[in-house]
Amino acid sequence: MSLDLRIEVSNLSKIYGKFKAVDNISFNIEGSGATAYLGQNGAGKTTTFKMMTGLIKPSSGNVKIGGYDIVTERKRILSNIGALIETPEPYAALTVRDSIMLVGELKGMKKSDIEDHIENFGKRVEIPDPSRKVGTLSRGQRARVVFAAAFLNNPPIIFLDEPTNGMDPAERKIIRDVILEWKKDHMIMLSSHLLQEVTDTCENVIFINRGKLVLQEKTREIESRFKSKSIRVTFKDSISIDDVRKMLSGLVDRVEDDASNSFIIYFDGDLDRRADILEYCQRVGRVISFSDYGSSLEEAFVNIIKDNQ
Amino acid sequence: MESMSYRDTDYGYMNDLRSMYILFKYQIKFYLKTRRFVAMLIIVALITALTVGIDLYEGVTKSTAGFANSADFIAGSLSGPLITSIGIVAAFFGGDATSIETGTNSGYFIMTQPVRKISILMGRFFAAVLLGFLLIMIEYAGVAALSQDFYGTVSAGILLSIIEALFLIASFTAVAFLFSSIFKNPLIGILFSVIVFILVFGIVQAILEITNIEPWFILNYGGEVVTEILSPSSIAHVTSIKTPAFTIEKYEPYIWEGNAIMGGYLVISLILSYIIFRSKEVRPQ
């Protein structure tokens with residue numbers, strides 16, 4: 001048997017009373033790779049993820065995962081996908097090993113295969129000592145246990161809703177590396193507020209706003225359309241912000257302090273203007289770094305949200 | 001179209017039973033590693049110590065115990081404390097059974113797995129009943145030991161009493177499961193169960209008996225068959241207690257009646273608990 005790497009969402013809506021959390025969304029994703037599902041807080045991202053994993057039933061429309069309907073074939077689908085929705089908490093009194101064993105057994109895996117997963121994948125994502133109780137772990141450690149559990153049974157399709165929530169930068173890097181490796185031959189659907197993380201890992205992006213789908217496009221294409229409109233410039237020596245503002249007066253929107261000898265410059269994104277800014281900065285002092293501040297995706301995010309208000 | 005091989009097993013009733021067994025197994029592990037299990041062990045041990053220990057401390061013997069035989073002695077010793085112990089144990093093991101999934105983030109851990117809510121509910125139910133039963137056996141062991149000491153025997157009727165006790169634990173646990181499905185907060189479910197089992201049922205039963213109404217719809221009343229079954233022929237269904245001012249009718253359930261009350265609570269509570277649990281979304285507070 002095989003499970004197609006395909007997600008089909010058709011006219012999907014979720015209505016609570018008079019509030020449309022998700023409003024008639026349709027999209028298809030096919031093949032291996034990572035797709036980001038982005039939107040503001042309350043846009044309907046998690047509600048969509050919940051419907052795609054059978055946690056809640058749609059008010060209307062349908063979701064097919066790998067060719068199977070999530071409402072009628074929920075158990076079959078959940079046996080063969082990985083899902084990390086919201087911030088799952090394993091039972092505090094169980095150990096790390098028991099928590100992962102529980103999920104593996106429910107997925108129909110052999111105990112030896114689950115042990116192998118704990119040994120190999122667990123090591124990869126640096127889960128804590130398997131004999132420790134979940135209740136004694138930090139938030140980041142618990143998140144890694146849950147992440148390891150989501151990847152049990154080599155699931156072809158994986159849903160990750162804010163997977164790095166509560167993690168420190170080192171932990172986030174571990175997760176990012178796993179996503180980069182797994183997306184080569186698996187389908188990953190990811191929701192995250194960290195747009196740099198999305199830029200680094202996802203080749204496709206879906207934007208939703210107020211429950212409606214507003215854009216589905218390749219990340220590369222979005223980046224080329226939304227050039228970065230802010231630059232971080234760092235000088236070798238101590239420079240006054242007033243000197244920078246004076247020199248760039250009329251050329252930029254505003255200049256803000258960043259860190260020591262470092263400033264954030266906001267402008268209209270025009271490439272000629274960008275070259276001018278560099279030239280003028282070099283007149284103020286010796287520039288040791290001149291780079292985009294934030295991601296193009298961030299720019300796209302802000303603009304798309306603004307356009308759809 | 002890219003595709004990957006995947007596990008295609010049976011997703012029907014057999015798989016549900018298997019999932020139920022897995023949930024049962026891990027729920028037992030969960031309970032055994034929680035403080036509440038230790039607390040329950042201490043409470044039941046204390047109640048047993050009070051039941052048995054007072055007799056020993058006061059030098060009560062067969063001749064002074066006031067019971068004709070082992071069966072009467074066991075029934076008399078267990079009649080008060082056993083139902084209280086069962087109520088407390090059921091409340092603590094069942095009062096948060098489903099709300100831990102619908103009212104906390106644990107729901108996102110287990111409900112995204114291939115398991116139906118009926119398997120979760122029943123797996124947890126059997127785990128709670130089994131552990132409650134094992135704890136209650138401490139009281140039976142204590143009273144049985146004392147009976148052996150006093151009468152040189154333990155009435156075979158104790159086995160029927162144990163079976164009825166298992167039935168009563170299942171019924172109380174089912175009601176606690178119902179409360180856990182109604183309340184989102186696990187702690188409130190436990191506290192509400194304790195209050196209902198220990199206070200509300202007892203008070204309502206007392207009021208009804210004072211007003212000469214048979215409390216046939218109270219679980220504690222039905223549960224009295226747990227001790228009554230040790231010597232059913234010697235117990236009258238109604239006993240009138242006359243005082244100068246008024247007469248109180250003291251009721252004892254028929255064995256069939258007690259079983260019907262327990263069965264009713266068990267079945268109705270479990271069905272309602274499942275219906276409510278199935279309809280609820282995971283919404284941590």
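Select β13 and β14 (residues 262–266) of chain A, two strands that run antiparallel and are joined by 4 bridges; helices (H or I, at least four residues) and strands (E, at least two) are DSSP runs, numbered from the N terminus. The model is a predicted one, in which local features need pLDDT of at least 70 and side-chain atom pairs count only at pLDDT 80 or more, while totals for chains, interfaces and linings use all residues. Residues are numbered from 1 along each chain as its sequence is written, and chains are lettered from A and ligands numbered from 1 in the order in which they are written.

Within this pair, pick V255(A), which stands opposite I265(A) in β14(A).

Now widen the selection to the open sheet of 4 strands, which has the order β13-β14-β12-β15 in chain A with antiparallel pairing (two strands pair if DSSP finds at least two bridges between them). At the edges stand β13 (254–257) and β15 (287–292) of chain A, each with a single partner strand, so one side of each is left without a neighbour in the sheet. From one strand to the next, the twist averages 20 degrees.

Finally, show both chains: 37 residues of chain A are in contact with 30 residues of chain B, contact meaning that the C-beta atoms of two residues, placed from the backbone, lie within 7 Å. On the side of chain A that touches chain B, the largest share, 5 residues, comes from α3(A).

How values were computed:
Axes are lines fitted to C-alpha atoms, for helices over the stretch in contact, and angles run from 0 to 180 degrees between N-to-C directions.
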